[in-house]
Amino acid sequence: MIVNCDLHIHSRFAGGTSKNMDIEHILKYGKLKGLNIIGTGDCLHPKYLQEIQDYKDSNLILTVEIEDKNRVHHLVLLPSISKAYELRERLRRYSNNIDTEGRPKVTLRGGELLEIVKETGGLIGPAHAFTPYTSIYKSFDSIYQCYGKKPDFVELGLSADTDMGDMVQELRDIPFLSNSDAHSYHPYRLGREFNQFEVRSIGDLEENFEEIKRSIKHNKIVANYGLDPALGKYHLTACSKCHLRYRIEDAIKLNYRCPECGGVIKKGVYDRTLELSKDKKVIHPDFRPPYYRIVPLSQIISLSIGKGIDTKIVESLWRKYVELFGNEINVLIKEDISNLIKVNEKIGKTIEMFRKNKIYYYPGGGGEYGRILKTPPKIRWYKPMTTLDSWLG
């Protein structure tokens with residue numbers, strides 16, 4: 001059977017998350033989204049771990065994101081509640097916040113953390129591998145400088161896709177995951193990126209882990225679904241304050257300081273992957289599944305009717321589509337366009353444009369999400385002043 005899985009989210013026990021990110025809301029909205037298995041996130045937090053035990057027979061898998069001493073974030077999948085407690089105890093001596101923060105920090109290097117996770121039977125790989133703040137390729141130029149060996153997977157992150165990942169030679173023999181990193185249960189966050197796995201069954205926490213592990217290890221990842229990388233917050237190089245977009249050569253000349261507002265220019269994922277690529281080619285290994293671009297239904301509705309994504313009318317139309325066609329993923333990728341148009345002509349036609357790859361994007365950068373558009377974007381690029389410009393004032 002083919003299942004949709006989002007393996008990286010956060011609970012209310014992690015910083016910057018919705019207070020309603022509890023198991024009840026995660027399962028409820030995950031079902032409406034069309035997810036079959038969802039990572040719990042934050043499974044080393046003591047209070048959340050107790051909550052998870054009450055839902056151990058639900059469609060969940062134990063996951064946690066951990067920050068190491070080099071500010072690299074790692075996604076960890078664990079086989080059982082007992083192993084989560086075991087990992088908690090092993091990491092407590094290296095962490096000051098494992099009892100209070102869902103995304104704990106440890107004073108271990110990546111390779112040391114990998115070994116401990118492996119000894120507890122878990123899977124580990126870099127989270128959002130290319131982002132400019134807390135990623136493996138922010139701190140290192142090679143995945144092996146961090147781990148010393150090959151991890152189980154690499155999470156692409158919202159600002160990258162399979163094409164960008166496979167520009168980097170050392171990643172061409174490693175499975176890719178695409179997950180939402182959701183901090184709220186809203187349908188434009190939860191499941192905005194997900195993986196399709198081939199599994200034999202869905203069961204409790206332990207069975208789900210074994211099935212996902214088998215799928216990752218034996219090339220049973222059927223597809224990765226994710227945002228167009230342009231929608232990610234760090235796709236292009238841009239100022240983190242005024243979000244002016246920069247070409248990398250200009251950012252380097254300016255020493256990554258924005259002359260317009262004085263803000264820090266953050267190197268984008270697109271430029272970072274080009275930097276890491278030796279042959280500047282996209283070469284997919286034979287086992288690599290297809291990557292399908294997907295846009296949250298709420299964003300499509302918002303664009304179609306010209307109303308804010310958090311307005312009641314957008315939520316009402318989203319619920320109508322989900323109730324009629326089962327879940328959001330069905331609406332976006334499966335349901336016949338003629339049926340979608342019957343509900344709302346503008347929305348149905350926008351979904352048709354999306355499926356035909358006729359949606360335009362204003363690319364994200366510097367911490368600002370990209371936006372979907374119906375017309376080609378006019379990107380606000382930094383324009384270096386020439387000597388003549390300066391003389392003319």
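Before we start, a definition: helices (H or I, at least four residues) and strands (E, at least two) are DSSP runs, numbered from the N terminus. The model you have open is predicted, so let's work through it together.

**Exercise 1. Find which element gives the most to the lining of the second largest pocket.**

Step 1. Start with the space itself: the second largest pocket has a volume of about 270 Å³.

Step 2. Look at who lines it. There are 14 lining residues, and Gln299, Ile309, Gly370, Arg371 and Ile372 are the closest to the centre.

Step 3. Now go to the elements. Two or more lining residues come from each of helix 11 (297-305) and strand 14 (371-373). Helix 11 contributes the most, with three residues.

Step 4. Finish with the classes: eight of the lining residues are nonpolar, three polar and three charged.

**Exercise 2. Describe the lining of the largest pocket.**

Step 1. The largest pocket has a volume of about 500 Å³.

Step 2. Its lining is made of 23 residues; nearest the centre lie His128, Asp181, His183, Lys233 and Tyr234.

Step 3. Sorted by class, this lining holds four nonpolar, twelve polar and seven charged residues.

**Exercise 3. Decide whether Thr134 is buried or exposed, and list its contacts beyond its neighbours in sequence.**

Step 1. Locate the residue: Thr134 sits in the loop that links strand 5 (123-126) and helix 5 (136-139).

Step 2. Apply the cut-off. Buried means under 20% relative accessible area. Thr134 has 11%, so Thr134 is buried.

Step 3. Set aside neighbours within four places in sequence. Thr134 then touches Glu67, Arg71, Val72, His73 and His128. His128 is also one of the residues nearest the centre of the largest pocket.

**Exercise 4. Work out which strands stand at the edges of the eight-stranded sheet, and why one side of each is left without a neighbour.**

Step 1. Write down the order: the open sheet runs 5-4-3-2-1-8-9-12, with mixed pairing.

Step 2. Read off the ends. From one strand to the next, the twist averages 25°.

Step 3. Check the partner of strand 5. Strand 4 (residues 73-78) pairs with strand 5 in the antiparallel sense over four bridges, and His74 stands opposite Pro126 in strand 5.

Step 4. Helix 4 (residues 110-119) lies across strand 3 (60-67), strand 4 and strand 5, at about 160° to strand 5. Helix 8 (residues 205-217) lies across several strands, including strand 1 (2-6) and strand 9 (221-226), and runs at about 70° to strand 3.

How values were computed
Residues numbered from 1 in each chain as written. Predicted model: local features only at pLDDT ≥ 70, side-chain atom pairs only at ≥ 80, totals over all residues. Heavy atoms only, no water. 1 Å grid on protein atoms, 1.4 Å probe; cavity = no way out; pocket = protein on both sides within 12 Å on 5 of 7 lines; lining within 4 Å. Points joined across faces, edges and corners; volume = space filled by probe spheres on them. Nonpolar A, V, L, I, M, F, W, Y, C, P; charged D, E, K, R; others polar. Buried < 20%, exposed > 50% of the residue type's maximum accessible area, 1.4 Å probe, protein only. Contact = heavy atoms within 4.5 Å. Pairing = 2+ DSSP bridges. Axes fitted to C-alpha atoms, helices over the stretch in contact; angles between N-to-C directions.
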